[in-house]
Structures are given as structure tokens and as C-alpha cells.
Amino acid sequence: MSDGVGSSSQNMGNTKVVEIGPEAPALREHVREVIASPAFKGSRRSQQFLQHIVEKTISGHADEVKERSLGVDLFARLPAYDTGEDAIVRVTASDVRKRLHQFYSETQSEIRIELPSGSYVPEFRRIAVRAPQTPVPAPDPAPVVTPSPTPPAARQTWLGLRRPALYVMVGLALSSILWLWFRASPASRLAAKNVLPWSAILGRDRQIQVILSDPDLAMAQELLGFRISLSDYANRKFTPDLQAHDAIAQRAVRLLRGADVASVDVGIVLNIARLAATRLPEVMTRPARTLQLRDFQTDDDFVVLGSPRSNPWGGLYYDLVDFDFVYDEGLKQEVIRNKHVQKGELPLYVPTAKGWDTGQAYAIVAFTPNPGQSGHVLLLAGTNAEGTEAAGKFATDVELLSSTLRKYGIDPNGGPRHFEVLLEVRTMAGSPSALAVIACHAIDARTK
């Protein structure tokens, strides 16, 4: 076949390419087995993608398995959509490859479906599956103890954090995580699964990605007096032209490489881990600077920490909410704008406290959809670090959250419903001392 899908019986080592014609029933049965497996469980999009490309190929229409046609057929894109800007097909194909690898690493199967890199046309192979052999007992080894090297992935990550972040977190984490874990009663962890937004996030068999803020970015903007846009950040342009600044400023900014983790983020991550309980293995933390736009084009759930000043990725979702952040050039700080003022509310909320200050800050807790995907996004952001810390505490206090939603007419124990909460935070010497709920808006169907 000219499309590269095997149709002969040529042997390739211990494998041979499957003849599609006579093997079509077996292939269809196998793909049903694959998409029903734990490896594909929870990703309806990847299930549909694999079934679609396999059926097209089996039916002799492999020439139709192209990025644009897949975008139109599977993801309701317009025929003229920009495949360069919209990576939905490439992202899904990458996810399918990972899930196929997981399936075959856990399951013995004579038939294998392969999706070559750079192609959307699957290939089918049959391999010889050897029967398990009875192991022969080995002689007792000499009593020599040799420390085995830590695998690279284990050296670089802990709860998904890379090595620099580990240095920051390890001191706090080792002493705090067990205390937080055992401090939470089973009843409180169970309650989290019944209260929005955690009922929607923890009730799904999807990965939960916590996107840590980029405090180095905020510091660089403070030092050089510039503002970074979401577009620049997504294109990995983290600083302006450094030639316009003196040597000391250039050196300082070069040291701010996005490897640091905000201390308030550590506390929020630990509180989320406490609520996640048995879902803890699915909670992955990722520094903001390591992400690209396509990373958000999945069906995972996201928790985005920090305002646009320290985490521009939140800008993907502020069009969906009434309370968003704008930078006041006169005050040289972020303020919160109210785009749909309701009774008793103000159009603008201006903080009196900057970082590590005493005064008044503001924060938002917004639970939104992820446009074009089936997952959810939880934004936790303040006008300063203390505000973000307060947003995290509010969002993980299921009793306070539940009573607040109920007060504003949102059933906390009902089905998924998106909302946003505006908080006023009193700060003292770098810590939130008290918070009050100013407003709570339901996010209506226009966001879906």
C-alpha cells in the first residue's frame, strides 16, 4: 500500500506486518480492547481518535487520515482552520502514542497498533508472544551492598517538580506533607469529593496539573520596569532587549531563569495533595516557564497559581470571568477590574498593600471551563503573594467554600457549575491575616 500501512506478510525480526483484509475483524476487536483498557480510560478524545484512524485505515481510506481532515471530522474545526496555530490533532496523536506504549507495556498481545511519529496513519503488526517460563532459582549473591543510581526522572522530579524546585521545596515538604496528610481526617477528604470545584476535578479519571507561578518573571519585570504579554511568554520571550540596561541589571536578570518556586505555591500544592488523597499520583506540578500553549490543549484539569504578572498562562482564561487583572501604570501594580458590576460592587478594586506589606489586597478564585476541551481550570490568584496564598486557603477549605457557594445560590453538591469568587485580604508583614468574600458570580453558558 502506498500509504505505508503494511499489507504483506513480510517478517521483521519477531514481528510481521498484518494483512488488513483477512485480519480486519481481529483488528477491530483489538482496538475495542485497547480503548477499553486502563491506559485509555478517562480520555474519550484519545479513544475516539484511535478508533477513527484505525477504522479509516482498515476501510481503505488511509489517504483521508491527515491533520486537517482529522481536525474537521473529530474536533469540529472549520475546513480552513489554521493547523499551525491549532495543534489539537498533534497533541491528541501524541497522547495516543503514549497511551499505546502504556497499554503494550502492561498487556501481552499478538497484535500491535503503532502510530509512527509524524504520521496519523496507524501500522499493524503481529508479534510472537512467548509463554512465561518458570524462573530458575539463582544462587544467593555475595553480601555486597552497592547503591544503585537514581534514574534520571527520579533525580529531576518530585511531585512533578524539576531539580531546582526540589531544592526549594524539600525542607518544607519533608516536615509538612506528613503532618498535613495525617491532620486531615478521612471525612474531610471525602467531603472534598462532594464539593465544587473539587467534585468536578477529583471525580474525573484525568490528570490534575498544578501550574506553579514564575516568581523570577515577576522580579525581572520589577527590576527592568517592563510588562510581558501572554503572547511573548508563550513564545518564550521572557525578557526585553537586555542591551538597553546596565551590566548589573543584565547579570541580575540572567540569574532569574524561572527555576524558583514561590513559597505560597508550596503551601497550596500541599493542601491540594491533602484533598486529593487517593488521587495523589495523578497530581502533577509544573513550573509555568516549562509549558507551551499546546500543553493546555488536553482534557486534563488545571490549577493555575498566581496573577498574570507572575503566571501569564492565566490569561488564557480571563476572558471567561468578570474579575480580571489589569496593570495600573500609575500605581505600578496590578488591580482587579469588575467587568460586570452587580449591586453593591465596585468597577475597580485597588489594593493598598504590595508584597510583604501591611494593608489590603484582593484575590480571585475562578472555576472555568477549558475552551475546546472537556476539562476544567481553577484560577487562584492575588494582587500580591499574600492574596494568592489566601485564595489557595479559601479554595481548599471545603466548609468555607461550600457555605459561600450556597449563600450565593450555587449548589456546592450539585453537578459541575462554573463560578468565580472575589476576596478581600487583610495582610500584615507578609502574611494574610483575614479574608472576606466580596462577591461571587456564576459563570454562565456563554463561556462554554
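## Second largest pocket: composition and lining

Sorted by class, the lining of the second largest pocket comprises five nonpolar, eight polar and 14 charged residues. In this classification Ala, Val, Leu, Ile, Met, Phe, Trp, Tyr, Cys and Pro are nonpolar, Asp, Glu, Lys and Arg are charged, and the others, Gly among them, are polar. The model is predicted: local features need pLDDT of at least 70, side-chain atom pairs count only at pLDDT 80 or more, and totals for chains, interfaces and linings use all residues. Residues are numbered from 1 along each chain as its sequence is written, and side-chain values use heavy atoms, with hydrogens and water left out.

The volume of the second largest pocket is about 840 Å³. A pocket is an open set of points, on a 1 Å grid over the protein atoms alone, with protein on both sides within 12 Å along at least five of seven lines; a 1.4 Å probe defines the points, and lining residues have an atom within 4 Å of a point. Grid points are joined across faces, edges and corners, and a volume is the space filled by probe spheres set on the points. Of the 27 lining residues, D95, K98, R99, Q207 and D300 lie nearest the centre of the second largest pocket. At least two lining residues come from each of α2 (44-58), α4 (88-106) and β6 (283-287), and α4 gives the most, with seven. Helices (H or I, at least four residues) and strands (E, at least two) are DSSP runs, numbered from the N terminus.

## Largest pocket

The largest pocket has a volume of about 1000 Å³. Its lining consists of 34 residues, and A218, R309, G355, N384 and A385 are those nearest its centre. The elements that contribute two or more residues to this lining are α9 (215-224), α12 (263-276), β9 (333-338) and α13 (385-396). Helix α9 gives the most, with five residues. By class, the lining of the largest pocket holds nine nonpolar, 15 polar and 10 charged residues.

S46 is located in helix α2. S46 counts as buried because its relative accessibility is 1%; buried means under 20% relative accessible area, exposed over 50%, and partly exposed in between (1.4 Å probe, protein chains only). Apart from its neighbours within four places in sequence, S46 is in contact with F40, T92, D95, V96 and R99, where contact means heavy atoms within 4.5 Å.

## Salt bridges

The model has 18 salt bridges, each defined as a side-chain nitrogen of Lys or Arg within 4 Å of a carboxyl oxygen of Asp or Glu. One of them joins R28 and E55 (2.9 Å, N to O). This pair links distant parts of the chain, with R28 in helix α1 (residues 20-35) and E55 in helix α2, 27 residues apart. Both are partly exposed, R28 at a relative accessible area of 28% and E55 at 31%.

The side chains of D301 and R204 also meet in a salt bridge (3.0 Å, N to O). D301 lies in strand β7 (residues 301-305) and R204 in the loop between α8 (198-202) and β5 (208-212), 97 residues apart. D301 is buried at 0% relative accessibility, and R204 is buried with a relative accessible area of 17%. In the salt bridge between R337 and D324, the closest N and O atoms are 2.6 Å apart. R337 lies in strand β9 and D324 in strand β8 (residues 323-328), so the pair ties together parts 13 residues apart in sequence. R337 is partly exposed at 34% relative accessibility, whereas D324 is buried at 6%. A network of salt bridges links E114, E123 and R125.
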